[in-house]
Amino acid sequence: MTDLAKKTILMVISSHEKLGDTLGKTGLWVEEFAAPYYVFKKAGFNILLASPLGGQPPIDPKSKLADFQTEQTKKFYKDGKAKAKLANTAKLSDIDFDQLDALFYPGGHGPLWDLVDNPYSITLIENSIKHKQPVAAVCHASAVLLNAKNQEGESVVKGKMVTGFSNTEEEAVALSLVVPFLLEDALKAKGGIYQKGGDWASFVIEDDLIITGQNPASSAAVAEKLVSKLNA
């Protein structure tokens, strides 16, 4: 049962598994879930998890490789409660906005396919902005902001400093021709003031209610900024 005295963060996770027209798989990038999850837990917030299909979201198999493990991912793999929580995400369509204080979107390539146009996600983001609640996203998950509109009927990223997985990073992982669009270009096309740091280095931008991180290395820093905003 949720402790209503605590603030609640909803982590919205992609349900998409197929990597474009290839035979490859995508899904949640483990670090982008694990690092923020433990930041939020340490801060004492309620953490709700949801995905478009509910249940266990797919996990990008590459994010399980040894090269991409961190202290937080190792902690997650040993954390039975956290793994059970992730295996039982709520359906996004069942989420009640009134119980939320903030939104957080971890990445992986999946959001490029199933969260960009998801009506439930868009409504949650629009309601968050309308009610002055923060929205945070890491890496490819910045794509969830593209089609959400502000009260002027324009993309919520218009005129906002934002970041997300860069064109050069996408090229480096050889997926520029596989993804449905390049996130950096899409954010710019919607009027976002795209910023980036060095490839693979932590880089976070906070502009009013929107907090975005460039890549997996930015995950914890985005979560920490969200915590600071909620505690302000």
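At 2% relative accessibility, Cys-139 counts as buried (buried is under 20% relative accessible area, exposed over 50% and partly exposed in between, with a 1.4 Å probe and protein chains only). The structure is a predicted model, in which local features need pLDDT of at least 70, side-chain atom pairs count only at pLDDT 80 or more, and totals for chains, interfaces and linings use all residues. Residues are numbered from 1 along each chain as its sequence is written, and side-chain values use heavy atoms, with hydrogens and water left out.

Cys-139 sits in the loop between strand E5 (135-138) and strand E6 (161-162). Its phi is near 60°, a positive value in a residue other than glycine. Most residues other than glycine have a negative phi. Asp-208 also has a positive phi, about 60°, and is not a glycine. The loop that holds Asp-208 runs between strand E8 (204-207) and strand E9 (210-213). Asp-208 is partly exposed, at 44% relative accessibility.

Asp-208 also belongs to the lining of the second largest pocket, together with residues including Asp-207, Leu-209 and Ile-210. Other lining residues include Ile-129, Lys-132, Asn-150 and Lys-160. A pocket is found on a 1 Å grid over the protein atoms alone, as an open set of points where a 1.4 Å probe fits, with protein on both sides within 12 Å along at least five of seven lines; lining residues have an atom within 4 Å of a point. The volume of this second largest pocket is about 200 Å³ (the space filled by probe spheres set on the points, with grid points joined across faces, edges and corners). Its lining has four nonpolar, two polar and six charged residues. In this scheme Ala, Val, Leu, Ile, Met, Phe, Trp, Tyr, Cys and Pro are nonpolar, Asp, Glu, Lys and Arg are charged, and the others, Gly among them, are polar.

The largest pocket has a volume of about 430 Å³. It is lined by 21 residues. Trp-29, Phe-68, Val-173, Trp-200 and Pro-216 lie nearest its centre. By class, 10 lining residues are nonpolar, five are polar and six are charged.

Helix H2 covers residues 71-77 and contains Lys-75. Gln-72 is placed in helix H2 as well. Lys-75 is partly exposed, with a relative accessible area of 45%. Gln-72 is partly exposed at 23%. Beyond its neighbours within four places in sequence, Gln-72 contacts Ala-34, Ala-35 and Tyr-38 (contact means heavy atoms within 4.5 Å). The C-alpha atoms of Gln-72 and Glu-206 are 23 Å apart, at a sequence distance of 134 residues. For Lys-75 and Ile-125, 50 residues apart along the chain, the C-alpha separation is 30 Å.

The protein has eight helices and nine strands (DSSP runs numbered from the N terminus: helices are H or I with at least four residues, strands E with at least two). Its radius of gyration is 16 Å, close to the 17 Å that the globule rule gives for 232 residues, so the protein is as compact as a globular protein of that length. The radius is taken over C-alpha atoms, and the rule is 2.2 Å times the number of residues to the power 0.38. The C-alpha trace spans about 45 × 45 × 30 Å along its principal axes. Buried residues make up 54% of the 232 residues. Of the contacts with a separation of 6 or more, 76% join residues 24 or more positions apart.
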